[in-house]
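Let's take a friendly walk through this protein, from a spot on its surface to the strands inside. Keep the sequence and the 3D view open as you read.

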Amino acid sequence: MLTEQNMTMGDEFKTMYNGSFTSALRWPQLDALWKQVKTQPTGWYIYCVGEPLPTQPAAPDHLFAFIQEVDKLLRQDHDYDYCGIVYADNMTQPSLIKIYDPNNLGASCGSSGQKVEPRWILSQIIPQQIHNDAPIPMNRKRWWSRLFAK
């Protein structure tokens, strides 16, 4: 049942999602962002765009495992001396983080006419469905399933 409170939370998420973000342009900036998230490890929803929405915040151990694994994946698959594919609403007190898949970057700013959505979202507010026309590759589905099967 869709309640007024759920609608308000959905509006809040959409407003935040479409708001202003700063890129973790360099790898040390990403390290600092992860450190900020880890200092407040409760209340984070982990959402893989294209998968079912999370209904509860992740337990801190799952959050830590996700950060470790997604960081490893990003550094391996985005083999550059810069990051630039992780964006936060606030780098020192984040509440919404968009993580783009290195294998499906396109033009995340929408300059090509086709906006690419992030693959993963960390949010302090329960996320709402994000529509992504790009299918989730099987290797990413396996990675996601393996991560949360632990």
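This is a predicted model: local features need pLDDT of at least 70, side-chain atom pairs count only at pLDDT 80 or more; totals for chains, interfaces and linings use all residues.

You can find Tyr 80 in the loop that links helix H3 (60-77) with strand S3 (86-88).

## The five-stranded sheet

Now turn to the strands. Five of them form an open sheet with antiparallel pairing, in the order S1-S3-S4-S5-S2. Strand S1 (22-23) and strand S2 (45-48) are the edge strands, each pairing on one side only. Helix H3 packs on this sheet and touches S2, S3, S4 and S5, and the direction of H3 makes about 145 degrees with that of S5.

S2 is joined to S5 by four bridges in the antiparallel sense, and here Tyr 47 stands opposite Ile 121 in S5.

## A closer look at strand S4

Strand S4 (residues 96-99) has a neighbour on either side in the sheet order S1-S3-S4-S5-S2. Three bridges connect S4 with the antiparallel S3, where Ala 88 has Ile 97 of S4 as its bridge partner. Four bridges pair S4 with strand S5 (residues 120-123), again antiparallel, and Ile 97 stands opposite Leu 122 in S5.

Which way do the side chains of S4 point? Leu 96 and Lys 98 point one way, Ile 97 and Ile 99 point the other way, and all are buried. In a regular strand, side chains alternate between the two faces of the sheet.

How values were computed:
Residues are numbered from 1 along each chain as its sequence is written. Side-chain values use heavy atoms; hydrogens and water are left out. Helices (H or I, at least four residues) and strands (E, at least two) are DSSP runs, numbered from the N terminus. Buried means under 20% relative accessible area, exposed over 50%, partly exposed in between (1.4 Å probe, protein chains only). Two strands pair if DSSP finds at least two bridges between them. Contact means heavy atoms within 4.5 Å. Axes are lines fitted to C-alpha atoms, for helices over the stretch in contact, and angles run from 0 to 180 degrees between N-to-C directions.
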